[in-house]
Amino acid sequence: MNTYKISFFNSAGYRDNEIIRTSFQIEEQNNSLVVLEEGVVVGNAEMVEQLINETRGWQEANTAVSAENVKS
């Protein structure tokens, strides 16, 4: 499992952070977040935003802006 600190803006426009654990890898490519599985792109920033919602347990319109790998 990989652990990431995701920085994002929530639906109210406030900057927030969330720690998420996932089997995917999250990287920045061409100034945008992408989700990889075994080195193959399988999602984009919207998938990261959905991972935030799954971690928090509710749906919210988030805008993910960065991801920092804090543990692999």
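## Helix H1 and its neighbours

The buried residues of helix H1 pack against strand S1 (2-9), strand S2 (15-22), S3, S4, S5 and strand S6 (63-71); contact here means heavy atoms within 4.5 Å. Helices (H or I, at least four residues) and strands (E, at least two) are DSSP runs, numbered from the N terminus.

This is a predicted model, in which local features need pLDDT of at least 70 and side-chain atom pairs count only at pLDDT 80 or more, while totals for chains, interfaces and linings use all residues. Residues are numbered from 1 along each chain as its sequence is written, and side-chain values use heavy atoms, with hydrogens and water left out.

## A closer look at H1

Which residues of H1 are buried? They are Ala45, Val48, Glu49, Leu51, Ile52, Asn53 and Arg56, where buried means under 20% relative accessible area (1.4 Å probe, protein chains only). An α-helix has 3.6 residues a turn, so residues three or four places apart point the same way.

At the N-terminal end, Asn44 caps H1, with a side-chain oxygen 3.0 Å from the backbone nitrogen of Glu46. Just after the helix comes Gly57, with a positive phi of about 90 degrees.

## The sheet

S3, S4 and S5 form an open sheet in the order S3-S4-S5, with antiparallel pairing (two strands pair if DSSP finds at least two bridges between them). Strand S3 (25-29) and strand S5 (40-44) are at the edges with a single partner strand each, so one side of each has no neighbour in the sheet.

S3 is joined to strand S4 (residues 32-37) by five bridges. Glu28, for example, has Leu33 in S4 as its bridge partner.

Technical notes:
Buried means under 20% relative accessible area, exposed over 50%, partly exposed in between (1.4 Å probe, protein chains only). A polar contact is a pair of N or O atoms within 3.5 Å; within protein, one must be able to donate a hydrogen and the other to accept it, and residues adjacent in sequence count only if both atoms are side-chain atoms.
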